[in-house]
Amino acid sequence: MDLTDSQAVVSVVAALAILAGLAGVVVPGLPALPLCWGGVLIWAVFGDAGPGRWAVLAAATVVVAGGTVVKYAWPGRNLKRTGVPTSSLLAGGLLGLVGFFVIPVVGLVLGFVGGVWGAERLRLGSNQLAWPATVQALKAAGLSMLVELLAGLVVAALWVAGLLFA
């Protein structure tokens, strides 16, 4: 690859943005799907913009928008059905964020679990009732991450297909 070849540079920058987006599924602070979409956008706008690139960008836009909606709607519906309130999730998210900085890597999970359990313990008044709600919140968080990862992988696959065929 020659650094004067602008197409190669644009493709490498797009690939790095997409990889950062896929990493953003598990790394707090990195907006996963917007980074994946941004990589495709850079590739479509600054690359040799033919109709194939714009079609890939349009498809990636649909996948990112759909993935974002499903990421919040599906786990949220499951949590409402099981009775876990939003306040417990907010407590888990806040303590997870604090935990991430206090104990790198594992602090996020520990803080989230502790926050949800603590909020549910205060709300329900019993350890036996708080733990099932905490498990439901963990399942919802995992489902949300899975949906986001799958949407990011579909965007990456669309981009690779665009590289090969557009």
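How far apart do the end C-alpha atoms of residues 140-165 lie, and how much of the span is helix? Read on for the views. This is a predicted model, where local features need pLDDT of at least 70, side-chain atom pairs count only at pLDDT 80 or more, and totals for chains, interfaces and linings use all residues. Residues are numbered from 1 along each chain as its sequence is written, and side-chain values use heavy atoms, with hydrogens and water left out.

View 1. For residues 140-165, the end C-alpha atoms lie 37 Å apart, and the span is 100% helix and 0% strand. For residues 12-42, the ends lie 10 Å apart, with 74% helix and 0% strand. Helices here are DSSP runs (H or I, at least four residues) and strands are too (E, at least two), numbered from the N terminus.

**View 2. Lys-71 on helix α3.** Look for Lys-71 in α3, which covers residues 51-82. Lys-71 counts as buried because its relative accessibility is 15% (buried means under 20% relative accessible area, with a 1.4 Å probe and protein chains only). Beyond its neighbours within four places in sequence, Lys-71 is in contact (heavy atoms within 4.5 Å) with Ser-144, Val-147 and Glu-148.

**View 3. The largest nonpolar core.** This core has 16 residues, and Leu-22, Trp-43 and Trp-159 are among those touching the most other members. A nonpolar core is a set of buried Ala, Val, Leu, Ile, Met, Phe, Trp, Tyr and Cys residues joined through side-chain atoms within 4.5 Å. Helix α2 gives the largest share, 5 residues.

Notes
Buried means under 20% relative accessible area, exposed over 50%, partly exposed in between (1.4 Å probe, protein chains only).
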